[in-house]
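Let's take a friendly walk through this structure. Have a look at it first, and then we will go through some of its details together.

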Amino acid sequence: MVVPPAHRRSSLIRPTEKGVAAIGEVLRREHAMLRETGGGLTDAEVTACLRVLGELLMALDNVDDD
């Protein structure tokens, strides 16, 4: 599979420790909110859902508009 340029990771840019912590906090809060609104979804279920949705978005990036 060819990775679109927008999805390639730069080897020159890395998140700082503060950035990693901020992303972790966002994910924690997102998981907590989804558990409240998602009928008792577990962290593993939410994580799997986010992974699947991410894969779908990448697949849609490769769809021709023609």
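H31 is buried, as its relative accessible area is 13% (buried means under 20%, exposed over 50%, and partly exposed in between, with a 1.4 Å probe and protein chains only). This residue lies in helix α1; helices here are DSSP runs of H or I with at least four residues, numbered from the N terminus. Leaving aside residues up to four places away in sequence, H31 touches D43, V46, T47 and L50, where contact means heavy atoms within 4.5 Å.

A word on the model: it is predicted, local features need pLDDT of at least 70, side-chain atom pairs count only at pLDDT 80 or more, and totals for chains, interfaces and linings use all residues. Residues are numbered from 1 along each chain as its sequence is written, and side-chain values use heavy atoms, with hydrogens and water left out.

Now for the helices. Helix α1 (residues 17-37) packs against helix α2 (residues 43-61) at an angle of about 105°, and their axes are 10 Å apart. That angle makes α1 roughly perpendicular to α2, a label for angles of 65 to 115 degrees. On the α1 side, the contact is made by E30, H31, L34 and R35, and on the α2 side by D43, V46, T47 and L50. These contact residues divide into 3 nonpolar, 2 polar and 3 charged.

Helix α1 has 21 residues and reaches 30 Å from its first C-alpha to its last, close to the 30 Å expected at 1.5 Å a residue. Just after α1, G39 takes a positive phi of about 70°.

What does E25 form with R28? The two form a salt bridge, with their closest N and O atoms 2.7 Å apart. The term means a side-chain nitrogen of Lys or Arg within 4 Å of a carboxyl oxygen of Asp or Glu, and by this rule the count comes to 1 salt bridge. E25 and R28 are separated by about one helical turn because they are 3 residues apart in helix α1. Here is how accessible each partner is:

| Residue | Relative accessibility | Class |
|---|---|---|
| E25 | 32% | partly exposed |
| R28 | 47% | partly exposed |

Notes. Axes are lines fitted to C-alpha atoms, for helices over the stretch in contact, and angles run from 0 to 180 degrees between N-to-C directions. Helices (H or I, at least four residues) and strands (E, at least two) are DSSP runs, numbered from the N terminus. Angles under 35 degrees count as roughly parallel, over 145 as roughly antiparallel, 65 to 115 as roughly perpendicular and the rest as oblique. Ala, Val, Leu, Ile, Met, Phe, Trp, Tyr, Cys and Pro count as nonpolar, Asp, Glu, Lys and Arg as charged, and the others, Gly among them, as polar. The expected span of a helix is 1.5 Å times one less than its number of residues.
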